[in-house]
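Here's a quick tour of one model, with the sequence and fold up on screen. We'll look at a ring pair, then at some helix packing.

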Amino acid sequence: MDELAARMAALRERFIDQALEIASLVEAGVVAQDWSALAAPCHSLAGRAGMFGHGPLGEAARAVEEATDGNAPASEIEPLALGLLDQLRGLRQLR
């Protein structure tokens with residue numbers, strides 16, 4: 001493996017680690033129904049997911065971010081957040 005490929009692999013691993021940390025934050029926000037706590041981690045995730053080939057994950061994070069920023073009702077935010085959590089949990093299989 002050349003140096004560039006090794007660096008990209010390390011960055012992908014770091015992204016997965018950070019995304020799994022975000023999953024914990026999202027889960028805690030859902031349990032507490034603290035929707036405002038979801039905006040910042042989802043913003044961060046949405047911005048980076050596409051760079052690592054996880055476009056649908058980034059779109060799901062962006063949907064949660066926009067719903068929370070737009071003060072959408074819990075009945076709209078919760079299913080979006082749960083869908084995002086499902087996708088985040090799928091990242092564990094990539095390890």
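## Rings and helices

Phe15 is buried, at a relative accessible area of 2% (buried means under 20%, exposed over 50%, partly exposed in between, with a 1.4 Å probe and protein chains only). A word on ground rules: this is a predicted model, where local features need pLDDT of at least 70, side-chain atom pairs count only at pLDDT 80 or more, and totals for chains, interfaces and linings use all residues. Residues are numbered from 1 along each chain as its sequence is written, and side-chain values use heavy atoms, leaving out hydrogens and water.

The structure holds 1 aromatic pair. Phe15 and Phe52 are stacked, 5.1 Å centre to centre with 20 degrees between the planes (ring centres within 6.5 Å make a pair; planes under 30 degrees apart are stacked, over 60 edge-to-face, the rest tilted). The pair links distant parts of the chain, 37 residues apart.

| Ring | Location | Relative accessibility |
| Phe15 | helix α1 (residues 3–32) | 2% |
| Phe52 | loop between α2 (39–49) and α3 (55–69) | 18% |

Helices here are DSSP runs (H or I, at least four residues), numbered from the N terminus.

On to α3: its buried residues include Leu57, Ala61, Val64 and Thr68. Among what covers the buried residues of α3 are α1, α2 and α4 (74–90). Just after α3, Asn71 has a positive phi of about 55 degrees.

Finally, α1 and α4 pack at about 150 degrees, with axes 10 Å apart. That makes α1 roughly antiparallel to α4 (the cut-off is over 145 degrees).

Conventions: Rings of Phe, Tyr and Trp (its six-membered ring) pair if their centres lie within 6.5 Å; planes under 30 degrees apart count as stacked, over 60 as edge-to-face and the rest as tilted. Contact means heavy atoms within 4.5 Å. Axes are lines fitted to C-alpha atoms, for helices over the stretch in contact, and angles run from 0 to 180 degrees between N-to-C directions. Angles under 35 degrees count as roughly parallel, over 145 as roughly antiparallel, 65 to 115 as roughly perpendicular and the rest as oblique.
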